[in-house]
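Please read the following note with the structure open beside it.

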Amino acid sequence: MNNDKFPEKWEDKKDKESSAYKNSWINRLLQVQDKVNQVAKQKPRLFELSAIGVVALILIAVMPLVLSDFRLDLLHRYLALAIVALGIDLIWGYTGLLSLGHGIFFALGGYAIAMHIKLQIPETASSQLPDFMGLYGVTELPWFWGPFSSFPFTAIAILLIPGILAAFLGYLVFRNRIRGVYFSILTQAATIVFFNFFNGQQKLFNGTNGLTDFQTLLGFPISNPNTQYGFYVITVILLAGSYLLCRWLTSGRFGRLLIAIRDDESRVRFSGYNPTGYKVLVFAISAALAGLGGALFTLRSGIISPRAMDIAFSIEMVIWVAVGGRATLIGAILGALLVNYGKSFLSEQFPEIWLFFQGALFLIVVLVLPNGIVGWLRTEAGNFIRTITGRPRYVITYPKLAEDPEIQRERETLEP
């Protein structure tokens with residue numbers, strides 16, 4: 001008998017409608033759940049953005065009222081150095097490449113903005129050359145100085161020159177799979193080469209004296225307090241932007257790949273990825289951030305010299321990140337501020353022996369807090385507070401069977 005001739009039973013039709021109704025509700029619930037998950041993911045981001053905005057507002061509006069001119073000047077400089085620390089954390093904390101040559105990129109950014117300022121010569125001046133060139137008998141402006149008379153070119157060069165140089169050096173190193181201590185030695189050797197080059201070029205860069213005596217930038221007198229406050233605001237904004245850039249790079253798939261390269265580069269290669277391109281890119285970004293920090297620092301300090309390429313200064317940059325906490329970003333900023341303020345405080349209070357205190361402080365941080373301040377706050381601070389208050393420590397293993405009262409009672413019951 002052909003069942004197609006008979007109408008569908010009312011019970012079957014009802015079941016189908018009920019099933020379709022349930023499926024529609026399930027789909028709606030899944031959609032709602034997806035939206036909830038999206039909102040849950042956005043909440044930390046919104047909180048972080050809000051926190052950054054609040055901190056930036058405090059730095060811009062409150063700190064100038066609270067701090068003296070001298071302390072605000074120090075804060076301005078250290079915020080510029082914090083941008084450099086972000087670049088160090090990006091290349092070392094997340095990618096595992098310890099660079100001891102970031103002083104090169106810092107100095108290149110400083111020289112770029114200084115060259116532009118030195119070319120702001122009044123038309124009524126007797127010579128259209130920077131003042132130091134006349135001391136060495138230079139009669140014609142070197143060819144590579146000319147483009148720096150344009151501010152847009154200079155602004156781009158502050159980022160591109162260090163970035164391109166780092167990409168070139170990185171490609172030569174990474175394509176040969178050089179890493180670890182050998183990479184650190186090569187970057188340190190590059191620092192020595194650039195230091196000696198700039199130090200010996202009196203006619204081009206005023207040699208060991210460097211470029212100084214800055215007058216105007218875009219028509220504004222650099223020494224004017226209002227101009228310096230404008231530079232301070234720009235530094236705060238660029239620091240916030242640099243942090244957001246690094247946060248964006250390290251929070252997604254790119255950041256996970258950087259961490260994978262840091263932890264096990266061989267396995268990354270076996271997975272089908274070529275780490276060379278990623279390391280070259282992150283090295284270039286890190287160098288560009290160092291160049292930006294160097295330019296901002298030069299605007300505040302009023303001088304750039306080969307001393308910025310000194311090996312000790314490059315090592316000091318690494319110490320900032322180590323003290324604050326590797327692979328934390330916020331720790332890099334915190335470390336740059338704390339270490340530099342600590343150095344300033346110790347040099348003021350103990351002018352003769354402050355270097356010993358600084359060395360002891362670094363040793364204590366490395367030995368007691370190997371993960372830095374922020375790393376300690378994330379991992380050990382909770383157990384430290386619980387120990388002080390007499391509460392049991394958190395158990396790292398999962399599940400926490402050792403402290404489960406029911407499990408303990410069962411053990412007491414079952415044990416003979």
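Predicted model: local features only at pLDDT ≥ 70, side-chain atom pairs only at ≥ 80, totals over all residues.

1. Leu 211 deserves a separate look. Neighbours within four places in sequence left aside, its contacts include Tyr 111, Phe 132, Trp 145 and Phe 205, as well as Gly 302, Ile 303 and Ile 304. Gly 302 sits in the loop between helix 11 (275-301) and strand 4 (303-304), and because its relative accessibility is 21%, it counts as partly exposed. Besides Leu 211, Gly 302 touches Thr 212, Asp 213 and Phe 214, not counting residues up to four places away in sequence; the C-alpha atoms of Gly 302 and Thr 212 are separated by 5.9 Å, although these two residues are 90 residues apart along the chain.

2. Helix 12 (residues 311-324) has 14 residues that should span 20 Å at 1.5 Å a residue, and the 21 Å between its end C-alpha atoms agrees with this. Its buried residues include Phe 313, Met 317, Trp 320 and Val 321, and among the elements that cover the buried residues of helix 12 are helix 2, helix 3 (102-118) and helix 13 (330-349). Helix 12 is followed by Gly 325, whose phi is positive, near 130°.

3. Which parts of the chain does the salt bridge between Arg 247 and Glu 48 tie together? The side chains of Arg 247 and Glu 48 meet at 2.9 Å, N to O; Arg 247 lies in helix 8 (residues 225-251) and Glu 48 in helix 1, so the pair ties together parts 199 residues apart in sequence. Arg 247 is partly exposed at 33% relative accessibility, whereas Glu 48 is buried at 19%.

4. Arg 71 and Glu 348 also form a salt bridge, with their closest N and O atoms 2.9 Å apart. This pair links helix 2, which holds Arg 71, to helix 13, which holds Glu 348, across 277 residues. By contrast, Arg 77 and Asp 73, which form a salt bridge at 3.4 Å, both lie in helix 2, 4 residues apart, about one turn of the helix.

5. Ile 58 belongs to helix 1 (residues 10-66) and is partly exposed, at 36% relative accessibility.

Definitions and conventions:
Residues numbered from 1 in each chain as written. Heavy atoms only, no water. Contact = heavy atoms within 4.5 Å. Helix = DSSP H or I, 4+ residues; strand = E, 2+ residues; numbered from the N terminus. Buried < 20%, exposed > 50% of the residue type's maximum accessible area, 1.4 Å probe, protein only. Expected span 1.5 Å × (residues − 1). Salt bridge = Lys/Arg side-chain N within 4 Å of Asp/Glu carboxyl O.
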